[in-house]
Amino acid sequence: MTTNEYQVTGMTCGHCEMSVREEVGQIPGVEDIQVSAQTGFLAVTGAADIDDAQVLAAVEEAGYSAVRAS
């Protein structure tokens, strides 16, 4: 299992979290998604490496912006 962490900006509520979860969940190989509007934290877990570009594009599709957390 590999987990990538991101900082998302623009989320303010549970609906925001749900939108991000739905978009990121469409990425092949994603097995778990943890997202918090309160902290802007997003963790994406998969059996193999998940492409950062796909995650960032999915977050953008949901209406928010994100950067990979170091």
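This note goes through the fold of a predicted model, point by point.

1. Dimensions and surface. Taken along the principal axes, the box filled by the C-alpha atoms of the protein is roughly 30 × 25 × 15 Å. The accessible surface of the protein comes to about 4000 Å², and carbon and sulfur atoms account for 48% of that surface.

2. Burial and contacts. Of the 70 residues in the protein, 40% are buried, a term that here stands for a relative accessible area under 20%. Where contacts in the protein join residues at least 6 apart in sequence, 61% of these contacts are between residues at least 24 apart.

3. The strand β3. This strand, which spans residues 41-46, pairs with β1 (residues 2-9) in the antiparallel sense over six bridges, and β2 and β3 also pair in the antiparallel sense, again over six bridges. To find the two pairings in the structure, one may look at Thr-2, whose bridge partner in β3 is Gly-46, and at Ile-33, whose bridge partner in β3 is Val-44. Five of the six residues of β3 are buried, so this strand is largely enclosed by the rest of the structure.

4. The hairpin. The strands β2 and β3 form a hairpin, with four residues between them, and in the turn Gly-40 has a positive phi of about 80°.

5. The helix α1. Which residues of helix α1 are buried? In this helix, which covers residues 14-24, they are Cys-16, Glu-17, Ser-19, Val-20 and Val-24. These residues cover an arc of only 160° around the axis, which means that they lie on the same side of α1. As background to that arrangement, an α-helix has 3.6 residues a turn, so residues three or four places apart point the same way.

6. What α1 packs against. The buried residues of α1 pack against the strands β2 (30-36) and β3 (41-46), and also against the helix α2 (52-61). The strand β3 therefore takes part in several of the arrangements described here, as it is largely enclosed by the rest of the structure, pairs with β1 and with β2, and is packed against by the buried residues of α1.

Terms used. Residues numbered from 1 in each chain as written. Predicted model: local features only at pLDDT ≥ 70, side-chain atom pairs only at ≥ 80, totals over all residues. Heavy atoms only, no water. Buried < 20%, exposed > 50% of the residue type's maximum accessible area, 1.4 Å probe, protein only. Contact = heavy atoms within 4.5 Å. Areas by Shrake-Rupley, 256 points an atom, 1.4 Å probe, with all protein chains shown as cover. Arc of directions from axis to C-beta. Pairing = 2+ DSSP bridges.
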